[in-house]
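Biologist: I'd like to learn how to read helix packing in a model. Could you walk me through one?

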Amino acid sequence: MLFLEPNHGMPVRQARAYVKRSCVALGAPPDDPETVVSELVTNAFTHASTDGPQGILVRCFRRGDMLWLEVLDRRSETELPVLEADMEAEGGRGLLLARALSKVFRCEAREGGYCAVVVGFEARA
């Protein structure tokens, strides 16, 4: 598990490195998970609650033929926004990309006030 703090180092780079190391150790291809974690960590720091403890948790693990990536932040809602691209907007495509690159994509409430974006990938190398 990796804990990332806002304004401390380069959290997206740290998350990518963690996921790449995890994928290699778990025998799974790292390209899509690395891309997705970049989008999810950026999104988490942009939209997470500023009440209470700050920080983002990142987990990467394998269960059977699936590689799982979880990005947890503190926010009140556990519903993912409607995933529609605004072609005129400069941003807002990260969750669309994450969903397109993954086999499973969902959001779950977790203890401690965390919201987990859970993403599953086929783990075949």
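This is a predicted model: local features need pLDDT of at least 70, side-chain atom pairs count only at pLDDT 80 or more; totals for chains, interfaces and linings use all residues.

Biologist: Fine. Which elements does the protein chain have, and in what order do they run?

Modeller: There are three helices and five strands, and from the N terminus on they go β-α-α-β-β-α-β-β. Of the 125 residues, 41% are buried. Among contacts with a separation of 6 or more, 61% link residues 24 or more positions apart.

Biologist: Now take helix α2. How many residues does it have, and how far does it reach?

Modeller: Helix α2 covers residues 31–47, which is 17 residues. From first C-alpha to last it spans 25 Å, close to the expected 24 Å.

Biologist: And how do I read which residues of a helix point inward?

Modeller: The general idea is that an α-helix has 3.6 residues a turn, so residues three or four places apart point the same way. In α2, the buried residues are Pro33, Glu34, Val36, Val37, Ser38, Leu40, Val41, Asn43 and Ala44.

Biologist: What do I need to describe two packed helices?

Modeller: You give the angle between their axes and the distance between the axes. For α2 and α3 (residues 94–101), the axes come within 9 Å and cross at roughly 150°. That makes the two helices roughly antiparallel. The crossing is left-handed.

Biologist: Which residues make that contact?

Modeller: From α2 it's Asp32, Thr35, Val36, Glu39, Leu40 and Asn43, and from α3 it's Gly94, Leu95, Leu97, Ala98 and Leu101. By class, that contact has six nonpolar, three polar and two charged residues.

Biologist: How does α1 cross α2, left-handed or right-handed?

Modeller: That crossing is right-handed. The axes of α1 (residues 11–26) and α2 come within 9 Å, at roughly 145°. On the α1 side you'll find Pro11, Val12, Ala15, Arg16, Val19, Lys20 and Cys23; they meet Pro33, Glu34, Thr35, Val37, Ser38, Val41, Thr42 and Phe45 of α2. The residues of this contact divide into nine nonpolar, three polar and three charged.

Biologist: Last one: is Val71 buried or exposed?

Modeller: Buried: its relative accessible area is 3%, and the cut-off for buried is under 20%. Val71 sits in strand β3 (residues 66–74).

Technical notes. Residues are numbered from 1 along each chain as its sequence is written. Side-chain values use heavy atoms; hydrogens and water are left out. Helices (H or I, at least four residues) and strands (E, at least two) are DSSP runs, numbered from the N terminus. The expected span of a helix is 1.5 Å times one less than its number of residues. Buried means under 20% relative accessible area, exposed over 50%, partly exposed in between (1.4 Å probe, protein chains only). Axes are lines fitted to C-alpha atoms, for helices over the stretch in contact, and angles run from 0 to 180 degrees between N-to-C directions. Angles under 35 degrees count as roughly parallel, over 145 as roughly antiparallel, 65 to 115 as roughly perpendicular and the rest as oblique. A crossing is left-handed if the near helix is turned anticlockwise from the far one by less than a right angle, and right-handed if clockwise. Contact means heavy atoms within 4.5 Å. Ala, Val, Leu, Ile, Met, Phe, Trp, Tyr, Cys and Pro count as nonpolar, Asp, Glu, Lys and Arg as charged, and the others, Gly among them, as polar.
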